[in-house]
Amino acid sequence: MKNILIVGANGFTGRKIFTDLSSCSNYQVTGCSLHPDIAPLSGTAFVSADIRDAKAVAKLFETVRPDVVINTSALSVPDYCETHHEEAFETNVTAVGHLAEQCEKHGARLIHLSTDFVFDGGEERLYTEDDLPIPVNYYGITKLQSEQVVAARCCDWAVARVCVVYGKSLPGQHGNILQLVYNRLTKGETIKVVKDQYRTPTYVGDISKGVQALIEYTGNGIFHLCGKDCVSVAEIAFRVADRLKLDRSLILPVSTTEMNEATPRPMHSGMSIAKTSRLIGYEPISLDEGIDLMFLNN
Ligand SMILES: NC(=O)c1ccc[n+]([C@@H]2O[C@H](COP(=O)([O-])OP(=O)(O)OC[C@H]3O[C@@H](n4cnc5c(N)ncnc54)[C@H](OP(=O)(O)O)[C@@H]3O)[C@@H](O)[C@H]2O)c1
């Protein structure tokens, strides 16, 4: 039986992985997050720890003695990172260094989540794992640095880059663009969305399946774990409206220039899943199937 430690288990993606792996009989799973467990499940172990603290991380590893560590923790809001550099660096880079160091000491495999925001988005094609990452904002810079820390310090590692993660969130977790569109349209409110930024939105359950495959896969490397549809953010909003029969006239598509956001974002950061499909058999669902699962299936 493999002993798995999931860091960031209160977070949106971390909680889904925590819940799914906890129901597998071949894994013994411990969740870890900064704050106490947001939704305790009977039979699961959970430890609160601040992974920016090297001593706390060493103690965590002594207690859990993991075979595999899945790091989903991050400061993942680009606008916040842009104005809080030191805090973003501590969580997204320094803390990952602590995890990497302990993984090496304990012979554990480190599976670290990263982002499409490592790319500058200047290419109008899907990015592959071999493409040169050139982040355009501070969040992307820290996530790229975290990937480099993992690759440099670990013998047994995988970086899983995900993109616009969606699915049902728990109270206390941040939402996602699909939820925001749904909330606005059901209240009869308008929503502005960019029409010239392209992404490969990822159903959170697909990340969980991909991570499980990466636990069993023995090679090192970067893997794109995202959806298979590359669409603009406006198209995501229209798909939600159309599948759920909501008023699409409330969606106001605008250009990036018109949106005038303070934090720069890549224009085309859709990622190719060809390598991940070939090496670990990753097969994500479509965006329409994901919308149905999120809103229509209980
Ligand atoms: N969400 C997206 O659309 C998206 C897109 C691309 C990439 N990603 C990447 O995917 C991963 C997961 O993102 P997410 O949005 O699911 O994350 P999230 O919901 O923001 O959750 C991150 C979790 O990290 C935990 N955390 C933060 N600082 C910590 C610390 N010092 N010590 C221990 N735990 C700490 C927090 O725990 P508490 O709640 O206990 O404070 C939080 O629940 C991240 O690597 C992110 O960069 C996400």
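Visitor: What share of the 298 residues in the protein is buried?

Guide: A residue is called buried if 20 or more other C-beta atoms lie within 10 Å of its own, exposed if 12 or fewer do, and partly exposed in between, with the C-beta atoms placed from the backbone. By that count, buried residues make up 46% of the 298 residues in this protein. Please keep in mind that this is a predicted model, in which local features need pLDDT of at least 70 and side-chain atom pairs count only at pLDDT 80 or more, while totals for chains, interfaces and linings use all residues. Residues are numbered from 1 along each chain as its sequence is written.

Visitor: How many helices and strands are there in the protein?

Guide: Helices (H or I, at least four residues) and strands (E, at least two) are DSSP runs, numbered from the N terminus. Here the protein has 11 helices and 13 strands. Its radius of gyration is 19 Å, close to the 19 Å that the globule rule gives for 298 residues, so the protein is as compact as a globular protein of that length. That radius is taken over C-alpha atoms, and the rule is 2.2 Å times the number of residues to the power 0.38.

Visitor: Which residues of helix α8 are buried, and what covers them?

Guide: In α8, which runs over residues 233-243, the buried ones are Val233, Ala234, Ile236, Ala237, Arg239 and Val240. Contact is what we look at for the cover, and two residues are in contact if their C-beta atoms, placed from the backbone, lie within 7 Å. The cover over the buried residues of α8 includes the helices α6 (177-186) and α11 (287-296), together with the strands β8 (191-194), β9 (198-199), β12 (231-232) and β13 (251-254). Just after α8, lysine 245 takes a positive phi of about 55°.

Visitor: Is threonine 128 buried, exposed or partly exposed, and what does it touch?

Guide: Threonine 128 sits in the loop between β5 and α5 (138-153). Threonine 128 counts as partly exposed because it has 13 C-beta neighbours inside 10 Å. Leaving aside residues up to four places away in sequence, threonine 128 touches Ser272 and Lys275.

Visitor: Which residues come nearest to the ligand?

Guide: A residue is near a molecule if its C-beta atom, placed from the backbone, lies within 6 Å of it. Of the 27 residues around the ligand, Gly11, Thr13, Ser33, Ser73 and Thr115 come nearest. The elements giving two or more residues to this shell are α1 (12-22), α4 (85-106) and β5 (109-115), and α1 gives the most, with 3 residues.
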